[in-house]
Amino acid sequence: MTTLAAGAAIAMALASCANPGAGSGGASGGSSDAGGSGRVNLPAISSIDTPKDAVLPKGDGKATCDASTTLAYVGAQTGPNAQLGVNIYNGVQLAINEHNAANPNCQVQFKKFDTEGDPNKATGPVTQAVSENNIVGVVGLPFSGESKATGNIFEQKGLVHITPAATNPTLTTNGWKTFFRGLGNDAVQGPAAAEFLKTKLEAKKVYVVQDDSDYGIGLGESTSKALGDAVAGTDKVTTGQKDFSAVISKIVNAKPDAVFYSGYYAEGAPFQQQLAGKGYTGVFLGPDGLKDDQFIKQAGDASDGAYFTCPCIPGELISSFSDGYKKVSNGAEPGTYSIEGYDAATVLLAGIDGGKNTRPALLDWVKTYDKDGLSKHYQWDDKGELAKPDVYGYKVEGGKIVPVGKIG
């Protein structure tokens, strides 16, 4: 993502489409004039396994550290896709709260820097964060574009940062030693999305639409490559675009079984709303950049039956995490990358508890880390990529995003 591990069953035909006026179709039924052969309905899962020896923020409760020791979140708190950042920020806040409650002699401070998720605005907040010497570790940045724009700044100051959401594969090809990715990249998500479309969602013809972000371009390309001959057409949209009629006209004419939208919810939601409004009845699949309640709010009824892929774990199914998260989010359930933010902060907190209270020491700690978190196993290669990332599938059902299981 930007930003932004996670999804996959007997296929069933939905009785109606997301748009009441769009008609209906079975999983193998005839196509409507607008294209599509109906939406496959995969059942939601209600539980996931968690590692029994997962490292938790509280540690052993015996940690000691300097009172100025600080972790930071750097990323979107405002802006058109802010909720994806807020999900992470709340996860980090929960981890620090739990740590400090259990360790009276190590009260880690927490600072937040807002980038608005904008690569052109991110350099200022990052420069400010790296200039504060008491900050020894950072969770962020969520989005790929802003991560690309600021990686050298972190590198120059030797400040370790773990992104819980940025998925563009090229981020780990820059030679940065301070950058670590706490999820699978789009070279993992793209092929998983393609396989999900072709097998679980039974799509033989897929139209791929990507936005102009580093994230959208990279994921669109990796998904298209994995789809191969199943690609029925491709097109591009731009950040801030509101009218998608030209692209939708091409989709309607192509009559695909599925549309894959590679981008963020700020444009993806109105795109899906307009697509459904033109009578499209096929599968709609978006990636982690769309997987947020804001997509449902902005797309309205057209969101019903939409699917998502995400290299993120459904943290809402882990009751101990979900219950704690609601206390820092005014009752909201964990969202996309909430638990990845929590785990990333836990990795850094465990280092602080182990006496790694300087930037060089904490960086070395992360380089050699090899332990389970709540969401996955955390061990990085020399480029900062996880060893064994997972991808899950999700869908919109009854006005909520629910997981349908691991797909990669």
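How close do the axes of α2 and α3 come, and at what angle do they cross? They come within 8 Å and cross at roughly 25°, in a predicted model whose local features need pLDDT of at least 70, whose side-chain atom pairs count only at pLDDT 80 or more, and whose totals for chains, interfaces and linings use all residues. Residues are numbered from 1 along each chain as its sequence is written, and side-chain values use heavy atoms, with hydrogens and water left out.

## Packing of α2 and α3

Axes here are lines fitted to C-alpha atoms, for helices over the stretch in contact, with angles running from 0 to 180 degrees between N-to-C directions; the helices themselves (H or I, at least four residues) and the strands (E, at least two) are DSSP runs numbered from the N terminus. α2 and α3 are therefore roughly parallel to each other, where angles under 35 degrees count as roughly parallel, over 145 as roughly antiparallel, 65 to 115 as roughly perpendicular and the rest as oblique.

On the α2 side, the contact (heavy atoms within 4.5 Å) is made by Pro119, Ala122, Thr123, Val126, Thr127 and Val130, and on the α3 side by Gly145, Glu146, Ala149, Thr150, Ile153, Phe154 and Lys157. These residues divide into 7 nonpolar, 4 polar and 2 charged, where Ala, Val, Leu, Ile, Met, Phe, Trp, Tyr, Cys and Pro count as nonpolar, Asp, Glu, Lys and Arg as charged, and the others, Gly among them, as polar.

Helix α4 (residues 186-200) packs with α5 at an angle of about 50°, their axes being 8 Å apart, and that makes α4 oblique to α5. α4 passes α5 in a right-handed crossing, with a contact to which α4 gives residues including Gln189, Pro191, Ala194 and Leu197, and α5 gives residues including Tyr215, Leu219, Thr223 and Leu227. By class, the contact of α4 with α5 holds 8 nonpolar, 4 polar and 2 charged residues.

For helix α10 (residues 338-353) and helix α11 (residues 359-367), the axes come within 10 Å and cross at roughly 120°, which makes α10 oblique to α11. This crossing of α10 past α11 is right-handed, and the contact is formed by Val347, Leu348, Ala350, Gly351 and Ile352 of α10 with Leu362, Trp365 and Val366 of α11. In the contact of α10 with α11 there are 7 nonpolar residues, 1 polar and no charged.

## Pockets

The largest pocket holds about 430 Å³ of space. A pocket is, on a 1 Å grid over the protein atoms alone, an open set of points where a 1.4 Å probe fits, with protein on both sides within 12 Å along at least five of seven lines, and lining residues have an atom within 4 Å of a point; grid points are joined across faces, edges and corners, and a volume is the space filled by probe spheres set on the points. Of the 22 residues lining the largest pocket, Asp293, Glu333, Pro334, Gly335 and Ile401 lie nearest its centre, while α1 (82-102), α8 (293-299) and β14 (400-406) each supply at least two residues of that lining. Its lining has 7 nonpolar, 8 polar and 7 charged residues.

The second largest pocket contains about 360 Å³ of space and is lined by 20 residues, of which Gly117, Asp118, Pro119, Thr239 and Tyr264 lie nearest its centre. Two or more residues of this lining come from each of α2 (119-131), α3 (144-157), α5 (214-227) and α7 (265-277). The lining of the second largest pocket has 6 nonpolar, 6 polar and 8 charged residues.

## Backbone features

Most residues other than glycine have a negative phi, and most peptide bonds are trans. Glu116, in the loop between β2 (109-114) and α2, has a positive phi near 65°. A cis peptide bond, with omega about 0°, joins Gly140 and Leu141, and Leu141 is found in the loop between β3 (135-139) and α3.

Technical notes
A crossing is left-handed if the near helix is turned anticlockwise from the far one by less than a right angle, and right-handed if clockwise.
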